[in-house]
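Visitor: Before we begin, could you show me the sequence and the model together, and then take my questions one at a time?

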Amino acid sequence: MLVDNDARVRELLSRTDQELRDRKIDCSTPVDEGDLLVIGNRGMQRGVLGSVANTVTHKAPCSVYVVKTT
């Protein structure tokens, strides 16, 4: 079975974008190909990343940009 990852990602982003709009949350979901992963800092306390963000920043095979969300 052939999996179209681009289509899966776009569908997921579209659903997430719509859920946020339904909650009256302003958002934008630009999509472009490249080698950058963007992750929120949720769970970060006193300048220390939460476990998910920490693991991603250390193990991702590409650049990671941590966005201040809290």
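This is a predicted model: local features need pLDDT of at least 70, side-chain atom pairs count only at pLDDT 80 or more; totals for chains, interfaces and linings use all residues.

**Charges, surface and fold**

Visitor: Which residue forms a salt bridge with Glu11?
Guide: A salt bridge here is a side-chain nitrogen of Lys or Arg within 4 Å of a carboxyl oxygen of Asp or Glu, and the closest N and O atoms of this pair are 3.8 Å apart. The partner is partly exposed, at 44% relative accessible area, and is Arg15.

Visitor: How many salt bridges does the count come to?
Guide: Besides Arg15 with Glu11, the side chains of Asp17 and Arg21 meet in a salt bridge. In general, side chains of opposite charge can pair when their charged atoms come close. By the rule given above, the count comes to two.

Visitor: What is the N to O distance in the salt bridge where the side chains of Asp17 and Arg21 meet?
Guide: Asp17 and Arg21 are four residues apart in helix H1, so about one helical turn separates them. Asp17 is buried, with a relative accessible area of 6%, whereas Arg21 is partly exposed at 45%. Their side chains are also joined by a polar contact (N or O atoms within 3.5 Å, one able to donate a hydrogen and the other to accept it, with sequence neighbours counted only if both atoms are side-chain atoms). The N to O distance of the salt bridge is 2.2 Å.

Visitor: Which residues form the negative surface patch?
Guide: Patch residues have over 30% relative accessible area and no salt bridge, like charges being joined within 9 Å and nonpolar side chains (Val, Leu, Ile, Met, Phe, Trp, Tyr) within 5 Å. One member sits in the loop between helix H1 (5-22) and strand S1 (36-40), and that member, Asp32, is exposed at 73% relative accessible area. The patch is formed by Asp4, Asp6, Asp32 and Glu33.

Visitor: About how much area does the nonpolar surface patch have?
Guide: Leu36, Val38 and Tyr65 make this patch, and Tyr65 lies in strand S2 (residues 63-67). With areas taken from the Shrake-Rupley method and a 1.4 Å probe, the patch comes to about 330 Å².

Visitor: About what positive phi does Lys24 have?
Guide: Most residues other than glycine have a negative phi. Lys24, which is not a glycine, has a positive one; Lys24 sits in the loop between H1 and S1 and is exposed, with a relative accessible area of 76%. Its phi is about 65 degrees.

Visitor: In what order do the elements of the protein run from the N terminus on?
Guide: The secondary structure comes to two helices and two strands. Strand S1 holds Ile39, which counts as buried at 16% relative accessibility, while buried residues make up 7% of the 70 residues in the protein. From the N terminus on, the order is α-β-α-β.

Definitions and conventions
Residues are numbered from 1 along each chain as its sequence is written. Side-chain values use heavy atoms; hydrogens and water are left out. Lys and Arg count as positive and Asp and Glu as negative; His and the chain ends are not counted. The place of a charge is taken as NZ of Lys, CZ of Arg, CG of Asp or CD of Glu. Buried means under 20% relative accessible area, exposed over 50%, partly exposed in between (1.4 Å probe, protein chains only).
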